[in-house]
Amino acid sequence: MYDVIIIGSGAGGSAMAFELADSNKKILVIERGDYVPLEKENWDSIEVFERNRYTTTDTWLDKDGKEFRPGMHYNVGGNTKFYGSALFRLREDDFGEIKHFGGTSPAWPITYKDLQPYYLEVEKLFCVHGLRGSDPTEPPETQPYPLPPLPHEPRIKEVFDQLTAYGLHPFYLPVGVNLNPHKTANSPYILDRFDGFPDAAERKADAQSCALSKALEHPNVELMTNAKVLKLITDESGQKITGVLVDHLGEQITLEAGLFVLSAGAINSAALLLDSANKNFPTGLANHSDQVGRNYMFHQNTALIALYTEPNPTRFGKTFGINDFYRAARGYEFPLGHIQMLGKSDEHQISADSPVPAPGFTFEIMAKHAVDFWLTSEDLPDPDNRVTVENGKMKLSYTPNNERGHELLKEELVKALKASGKFQSFFFKGYYFSKGIGLASPAHQNGTTRMGTDSTKSVVDTFCKAHDLENLYIVDGGFFVSSGAVNPALTIIAMALRVGMHLKNKVLK
Ligand SMILES: Cc1cc2nc3c(=O)[nH]c(=O)nc-3n(C[C@H](O)[C@H](O)[C@H](O)COP(=O)(O)OP(=O)(O)OC[C@H]3O[C@@H](n4cnc5c(N)ncnc54)[C@H](O)[C@@H]3O)c2cc1C
């Protein structure tokens with residue numbers, strides 16, 4: 001019997017384990033995957049992008065019942081082992097209502113101030129480099145980033161300067177990087193691949209290296225890997241979770257605890273709740289509101305590769321972002337979104353994303369010149385965009401919304417690039433190509449167990465407790481009420497620390 005069972009060891013679960021570790025309570029983290037193996041393939045783009053070596057082989061259904069293989073990573077550290085480590089706070093106004101081209105982004109029941117101290121704590125824990133005050137949309141904070149901004153490599157500095165001269169206000173990207181990891185202090189690796197690649201050198205600040213490993217130094221914290229939770233079990237009254245049914249290496253076991261934290265990721269947490277329906281909750285556990293699985297969001301995302309005339313020998317290009325279009329500004333009545341640099345692409349990534357086939361050497365030339373951008377715009381919560389489970393199979397129904405702002409964001413970036421730099425004219429129609437990120441890449445998944453004060457319209461309260469159950473907290477991307485247009489992980493981790501602190505002070509005493 002444990003005091004606390006945490007389901008999932010990703011951003012939310014690892015941060016929760018970290019926060020609860022010094023409580024002296026008996027804590028078990030249950031993770032369906034294993035540790036990501038440390039191997040040379042970690043940095044091999046053919047293995048990572050073409051052969052999908054590290055993503056699940058499970059398939060899901062889209063809204064039309066068509067099967068697809070999602071880019072989900074089931075392993076210790078969750079999706080943060082593969083993330084880009086761009087660690088942004090939501091903007092202060094993201095917590096309020098915002099009008100968009102496609103409708104209204106609703107207000108949260110908490111404000112930026114509720115998360116602010118935890119954001120700061122996570123920035124320390126996850127070694128965030130940045131320059132406070134350089135981002136024009138940044139929320140209030142009196143303390144500097146814990147670490148100085150990562151310097152731009154020369155070619156990236158040129159692009160930064162060109163875009164500044166054009167009239168934009170690029171700023172240092174907040175990135176979580178542990179430049180001196182204890183484990184690999186003498187390793188020969190330098191900062192290189194981030195987005196989509198695990199970092200065996202542990203310089204990328206992920207949830208395992210920054211939070212879980214520290215929690216596991218405490219004798220009261222255990223991790224069970226290769227253990228997939230199949231069902232949450234309640235007592236007769238349906239008020240309380242008593243245990244979880246787990247498939248551990250093919251054997252089914254039941255594990256019991258006094259308190260449960262569900263951190264399986266926005267999609268899997270919703271699916272697990274739906275799969276745990278019982279006589280008290282015939283449409284899914286914690287689902288008296290009928291909101292479990294609904295309001296799925298994952299942003300409008302585009303990778304845009306600019307093919308300049310100048311070569312780009314950069315190793316690590318993720319050092320600036322642009323938020324000039326984050327709000328309604330520069331002649332626009334509504335927000336467009338956020339732009340940041342991506343890790344430097346190579347010929348294999350470009351070939352995988354290319355809109356047309358071409359001989360290999362073409363991709364090599366392109367990669368030598370490419371400068372990589374990532375564009376994110378807000379998608380709006382829609383109850384019909386949802387996770388369901390049909391005959392045991394996950395279904396992700398999603399119809400894009402609020403697309404106009406994203407299109408304009410792309411146009412604005414292309415206009416700025418064209419006006420500020422020189423481009424290869426012989427590739428395709430000119431100087432860039434881009435790829436929208438579809439349903440099969442649910443990297444920024446959020447919103448399926450939304451937070452609210454009205455238990456008929458939301459799944460969890462302002463401390464992520466399920467309205468319907470006295471001992472279930474859901475702490476992963478699911479609590480998001482709106483998606484904002486910056487990357488979600490810092491907010492998930494900050495919320496986990498906030499809820500963990502609340503549990504220690506008020507619930508687990
Ligand atoms: C390629 C990529 C790049 C990204 N880049 C960024 C970035 O730069 N910045 C940023 O902020 N975000 C980024 N993200 C998103 C970020 O990784 C996620 O927002 C974050 O990891 C979500 O945290 P979570 O706790 O909700 O879920 P996850 O981190 O996905 O963790 C969920 C965990 O639960 C486990 N699990 C699932 N089901 C079960 C079950 N039934 N039983 C037991 N365990 C289970 C999973 O295996 C996983 O370990 C990126 C994601 C990807 C994939």
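Visitor: Is C464 buried or exposed?
Guide: This is a predicted model. The relative accessibility of C464 is 0%, and the cut-off for burial is under 20%. C464 therefore counts as buried.

Visitor: How many disulfides are there?
Guide: A pair of cysteine sulfur atoms must lie within 2.5 Å to count. C210, which is buried at 4% relative accessibility, has its closest cysteine sulfur in C127 at 5.1 Å, too far for a bond. By the distance rule, the number of disulfides is zero.

Visitor: Which side chain of opposite charge is nearest to K465?
Guide: K465 sits in the loop between strand 20 (432-436) and strand 21 (472-474). K465 is buried but has no salt bridge, for which the cut-off is 4 Å. At 5.2 Å, the nearest side chain of opposite charge is that of D461.

Visitor: Which backbone oxygen does the side chain of K465 reach?
Guide: Leaving out residues up to four places away in sequence, K465 touches V459, V460, E470, L472 and Y473. Its side chain also reaches a backbone oxygen at 2.8 Å, that of L469.

Visitor: Which strands are at the edges of the open sheet of six strands?
Guide: The order in this sheet is 8-15-16-17-14-20, with antiparallel pairing. An edge strand pairs on one side only. The edges are strand 8 (171-172) and strand 20.

Visitor: What is the bridge partner of G321 in strand 16?
Guide: Strand 15 (residues 320-322) and strand 16 (residues 338-341) run antiparallel and are joined by two bridges. In strand 16, G321 has as its bridge partner Q340.

Notes: Residues are numbered from 1 along each chain as its sequence is written. This is a predicted model: local features need pLDDT of at least 70, side-chain atom pairs count only at pLDDT 80 or more; totals for chains, interfaces and linings use all residues. Side-chain values use heavy atoms; hydrogens and water are left out. Buried means under 20% relative accessible area, exposed over 50%, partly exposed in between (1.4 Å probe, protein chains only). Helices (H or I, at least four residues) and strands (E, at least two) are DSSP runs, numbered from the N terminus. Lys and Arg count as positive and Asp and Glu as negative; His and the chain ends are not counted. A polar contact is a pair of N or O atoms within 3.5 Å; within protein, one must be able to donate a hydrogen and the other to accept it, and residues adjacent in sequence count only if both atoms are side-chain atoms. Contact means heavy atoms within 4.5 Å. Two strands pair if DSSP finds at least two bridges between them.
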